[in-house]
Structures are given as structure tokens and as C-alpha cells.
Amino acid sequence: MNKINPRKLLGSKWSAVTPQNKEKHFIVTEVEFDEDEIVIACCIEAVMSKRSMTIDWHDLKDEGQWTHGW
């Protein structure tokens, strides 16, 4: 399990274990917190295609889907 500090999510780099649409490398471009400092939204962007998508930040903890860094 990847350990993630929600405060350090923004700008972090991730690699998809099983790339789709030739998109393997991603950067977290947006993290939104509620008033209790809990992450409510996380947006990642594919490096090659610049396509953005919103994901549940807890999915990044799954080593079967994501690895930290490039």
C-alpha cells in the first residue's frame, strides 16, 4: 500500500500500472479540501495527452493500480 500524505498530494507524480490510451504518467494538478481539511476532490492530468480526470485520492494507495513517481 502506497503511503500518502494528503497535504503533499498536489504536484505529486504517479504512474499507472496498466496504462490506458497510452497514458502512463500523471501529475496531481488539483486537490480540494473541506473545512475539516479532508480531501473531497483530486484531479490528475496525463503528461502526454494533457487529459484531466477526477479520481478518488484513496485509489492512489492501491499498488495494483498506481506506483508513486515515474
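## Two loop residues

At 55% relative accessibility, Lys 50 counts as exposed (over 50% relative accessible area is exposed, under 20% is buried, and partly exposed lies in between, with a 1.4 Å probe and protein chains only). Lys 50 sits in the loop between β3 and β4 (52–55). Its phi is near 65°, a positive value in a residue other than glycine.

Glu 37 also has a phi near 65°, again positive and not in a glycine. Glu 37 lies in the loop between β2 (23–33) and β3 (39–46). With a relative accessible area of 47%, Glu 37 is partly exposed.

## Basis of the values

The model is predicted: local features need pLDDT of at least 70 and side-chain atom pairs count only at pLDDT 80 or more, while totals for chains, interfaces and linings use all residues. Residues are numbered from 1 along each chain as its sequence is written, and side-chain values use heavy atoms, with hydrogens and water left out.

## Fold and overall shape

The protein has five strands and zero helices, in the order β-β-β-β-β along the sequence. Its radius of gyration is 12 Å, close to the 11 Å that the globule rule gives for 70 residues, so the protein is as compact as a globular protein of that length. The radius is taken over C-alpha atoms, and the rule is 2.2 Å times the number of residues to the power 0.38. Strands are DSSP runs of E with at least two residues, helices are runs of H or I with at least four, and both are numbered from the N terminus.

Along the principal axes, the C-alpha trace spans about 35 × 25 × 15 Å. Of the contacts with a separation of 6 or more, 42% join residues 24 or more positions apart (a contact means heavy atoms within 4.5 Å).

Buried residues make up 30% of the 70 residues. The largest nonpolar core has 15 residues, and Leu 9, Val 28, Leu 60 and Trp 66 have the most contacts inside it. β1 (13–20), β2 and β3 each supply at least two residues of this core, and β3 gives the most, with four. Such a core is a set of buried Ala, Val, Leu, Ile, Met, Phe, Trp, Tyr and Cys residues joined through side-chain atoms within 4.5 Å.

Leaving aside residues up to four places away in sequence, Val 28 touches Leu 9, Leu 10, Gly 11, Ser 12, Trp 14, Cys 42, Cys 43, Ile 44 and Leu 60.
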